[in-house]
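Please look over the sequence and structure shown here before reading the report that follows.

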Amino acid sequence: MFQITAIYAGLAALLFTWLSFRISLIRLRVRVSYGDGKDRVLGRAIRMQGNSAEYLPLGLILVGLAEALHAPSGVVHLLGLMLLGGRAAYLIGYGRERQILLLRQLGMVLTYLQLALGGVAVLLHALL
C-alpha cells in the first residue's frame, strides 16, 4: 500500500532536508541566525525552502490519494514525476545568482499542472 507514493515522499523529504541543511550552512557562513540579514544568497535559499514547503505537501497528498483510489500506476508515477520534476526545475532555475527564467517557469507550470490534474482526477473519482 502506497508503495509508489513512498518513493516520491522519500525523495521529497531528501530534497527538503538538503534545502534546510543548505540554509544552516549559509547561516553559519554569513553569521545570521534569524531572518536573512539582508543577505541575498540566504534570502534566496530561505525562499527556495519555503516554496517547497508550500507545494510539496499538497502535491504528495494528491499522489497518495490517486494511489489509494487505485489509479493506474503510470498515472501515479506521472503525478509524482510532475511534482518532483517541477520542483527540481524551479529550484535550479531560481537558485542561481543569475536565474534561469525558463527553468523557473517550467517548474511552476509543471507544479501547477500536477496540482490541477491531480485535483481534478481525485475529485472526479470521489464524486463518480
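## How two helices pack

Helix α1 passes α3 in a left-handed crossing, a term that applies when the near helix is turned anticlockwise from the far one by less than a right angle, clockwise being right-handed. Helices here are DSSP runs (H or I, at least four residues), numbered from the N terminus. The contact, meaning heavy atoms within 4.5 Å, is made by residues that include I4, I7, Y8 and L11 of α1 and V76, L81, L84 and L91 of α3. By class, 11 nonpolar, 4 polar and 2 charged residues take part in the contact of α1 with α3, where Asp, Glu, Lys and Arg count as charged, Ala, Val, Leu, Ile, Met, Phe, Trp, Tyr, Cys and Pro as nonpolar, and the others, Gly among them, as polar.

## Basis of the model

This is a predicted model, in which local features need pLDDT of at least 70 and side-chain atom pairs count only at pLDDT 80 or more, while totals for chains, interfaces and linings use all residues. Residues are numbered from 1 along each chain as its sequence is written, and side-chain values use heavy atoms, with hydrogens and water left out.

## Two tyrosines in α3

Y90 and Y94 lie 4 residues apart in helix α3 (residues 73–95), and are therefore separated by about one helical turn. Y90 counts as buried, at 4% relative accessibility, and Y94 is buried with a relative accessible area of 13%; buried means under 20% relative accessible area, exposed over 50%, and partly exposed in between (1.4 Å probe, protein chains only).
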